[in-house]
Amino acid sequence: MYNFVKRFRKDDTGAVTVDWVVLTAGVVGLAIGAFAAIESNTAILAGGTADTVAAQEAAPTTIPTTP
């Protein structure tokens, strides 16, 4: 039993996998946070742009002629 515990402590198989899982979770978390920030600000910008465009007067529909 003592040898089993000793070998188990020294065995580092899977440690790299745990590191990659933690790093991947961090990247995914940052991506979700960035997406949320970009999405809300984009919606605000699009609404403001739509309001500005709607407030503009319509351009003339005839082509001006030159004398």
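This briefing describes the fold, the annotated segment and the surface of one protein chain.

The structure is a predicted model, in which local features need pLDDT of at least 70 and side-chain atom pairs count only at pLDDT 80 or more, while totals for chains, interfaces and linings use all residues. Residues are numbered from 1 along each chain as its sequence is written, and side-chain values use heavy atoms, with hydrogens and water left out.

**Overall fold**

- The chain holds two helices and zero strands, where helices (H or I, at least four residues) and strands (E, at least two) are DSSP runs numbered from the N terminus.
- With a radius of gyration of 30 Å, well over the 11 Å that the globule rule gives for 67 residues, the chain is more spread out than a compact globule; the radius is taken over C-alpha atoms, and the rule is 2.2 Å times the number of residues to the power 0.38.
- The C-alpha trace spans about 100 × 25 × 10 Å along its principal axes.

**Annotated segment and helix H2**

- The unreviewed UniProt entry places the feature "transmembrane region" at residues 20–38; UniProt positions are given in the numbering used here, feature names are shortened, and annotations may be inferred rather than shown by experiment.
- Residues 20–38 are 100% helix and 0% strand, and the end C-alpha atoms of this span lie 27 Å apart.
- Isoleucine 38 belongs to helix H2 (residues 15–55) and is exposed, with a relative accessible area of 54%; from C-alpha to C-alpha, isoleucine 38 lies 55 Å from asparagine 3, at a sequence separation of 35 residues.
- Valine 28 is also placed in helix H2 and counts as partly exposed at 44% relative accessibility; valine 28 and threonine 66 are 38 residues apart in sequence and 60 Å apart in space, C-alpha to C-alpha.

- Buried residues account for 0% of the 67 residues, where buried means under 20% relative accessible area, exposed over 50%, and partly exposed in between (1.4 Å probe, protein chains only).
- The chain exposes about 6600 Å², of which carbon and sulfur atoms supply 69%; accessible areas come from the Shrake-Rupley method with a 1.4 Å probe, and for residues only the protein chains shown count as cover.
- Methionine 1 sits in the segment before helix H1 (2–10) and is exposed, with a relative accessible area of 78%.
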